[in-house]
Amino acid sequence: MAAWESLRINLDRLRSDIENLSKIGRAPDGNLTRHAFSPSYEEARRWLKGRMTEAGIEARDDAAGNTIGHVGPASPCVVSGSHIDTVPDGGPLDGAFGVLAALECARVIKASGISPPRGFDAVAFVDEEGHFVNCMGSKAMVGVLDQGDVMAAKSPTGSVLTEFMTKAGFDPARATDAKRRKGEIAAYVELHIEQGPVLESKQLPIGVVEGIVGLIHSDITFYGEPDHAGTTPMDLRKDAFTGACEFVYKARRMALRRGTPRTRITYGIVKSKSQASNIVPREIYLRQEIRDTDQALVNRLVKASYRLAEKVAAEYRLTVKYGQASGIKAALMAPRVQDTIDDAAKALGLVTHRMPSGAGHDAQVIARVADAGMIFVPSEGGRSHRRDEWTDWKLLEQGANVLLQSVLRLMHASG
Ligand code: HGY
Ligand code: MN
Ligand code: MN
């Protein structure tokens, strides 16, 4: 047995990092929100780089705003990471756990004095949650970030990405410079909470991800007439909200009928222009999200939803505009990384379960240029994207040790 096989993460250190990071961006009422490039995100970035530097790890930001801690030979590198941005009113573990576990791996590797043939990068990818651009940082790293998208991106609340990047000290016009050269990433492995109920219900400690869903976001707006709500008879109205409701109801049924058990359709943003109880709603905006592990099916369902929107709009005498806002492609995880994770878990005496991911992750973007894999740990009650998202410390420790041993195997692997 090689000496590195007995290396383990330090739970006290990881725990203190998780607790400290979860305080950055948390309001007195408990709301934890850290959008990419916001003041709280930049505070978290400075804190993370401070933790890297104090452990003797080289810390830097790339041109897109990813934060990277490096140990060992420069290239090629095994890369592990996730994100430190959150959804609005999010939880303390989504993304943060993967970044802080990768940091802990870097610390253990650095302190051990071993010298594997490959280096290691612990990365916080910027804007995974897509406040501005879905998976912006990982897209930039693999060279699929569209510079036009960067210049045009706005958040759902109207914030402008270029302004936020500039304020944070980045040049938006150079975001795509973060692209890495071919072969620089030897392999990628990401640790994440499952964010669903499967592992907990099976009472299994470790998930090995086989594939990750693709998703497409669409902007759909129904336009009617803003007439008087008291004087306009029901049959003479052009009520954009009623049309939008009928569309949502029918789109859901269409997705259930034509999709798979893994298909998801969600309308997470709904905006009404008039905002008055006595005006017939004249303009309703919907953000539609469709997901499945089968990318071709996602594409077909999106097209079908647009046809349906036109049909419903005609029935309600409305007009409708629609178009794709953003997307991430479905991806399969590399068999060799899945096997590596399995081996690492087995060596630690932990049972694994192969499973798909219904959540999106930076791993599916990195998979375009390198062998990628993901490790899941159970989520309490399957809860995530909410403030009571949690996982027991023991399970977090086990996951972080599987990550460490997977990373070490990949750093020593030949080929
Ligand atoms: O939306 C997602 O699936 C992920 O949490 N970013
Ligand atoms: Mn998330
Ligand atoms: Mn996440």
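I count as donors the N, O and S atoms within 2.8 Å of the metal (3.2 Å for Na, K and Ca); water is not among the atoms, so sites may look incomplete.

Conventions. I am reading a predicted model, in which local features need pLDDT of at least 70 and side-chain atom pairs count only at pLDDT 80 or more, while totals for chains, interfaces and linings use all residues. Residues are numbered from 1 along each chain as its sequence is written, chains are lettered from A and ligands numbered from 1 in the order in which they are written, and side-chain values use heavy atoms, with hydrogens and water left out.

Entry 1, the bridge. I looked up what joins the two manganese ions, ligand 3 and ligand 2, and found Asp94 bridging them across 3.6 Å.

Entry 2, ligand 3. I find this manganese ion coordinated by His83 (NE2), Asp94 (OD) and His192 (NE2), at 2.0 to 2.3 Å. The spacing of these donors along the chain reads H-x10-D-x97-H. His83 sits in the loop between β3 (77–82) and α3 (96–112) and His192 in strand β5 (residues 185–193), so I note a pair linking distant parts of the chain, 109 residues apart. I take helices (H or I, at least four residues) and strands (E, at least two) as DSSP runs, numbered from the N terminus.

I use buried for under 20% relative accessible area, exposed for over 50%, and partly exposed for in between (1.4 Å probe, protein chains only). His83 is buried because its relative accessibility is 1%, and His192 is buried at 1%. His385, at 40%, counts as partly exposed.

I list Glu128, Glu129, Arg291, Ala359, Gly360 and His385 around ligand 1, taking a residue as near if one of its heavy atoms lies within 4 Å. The side chain of Glu128 has an N or O atom 2.9 Å from a nitrogen atom of ligand 1. A backbone N or O atom of Gly360 is 2.7 Å from an oxygen atom of the ligand. For His385, I read 2.9 Å between a side-chain N or O atom and an oxygen atom of ligand 1.

Conventions
Polar contact = N/O pair within 3.5 Å; in protein donor to acceptor, adjacent residues only side chain to side chain.
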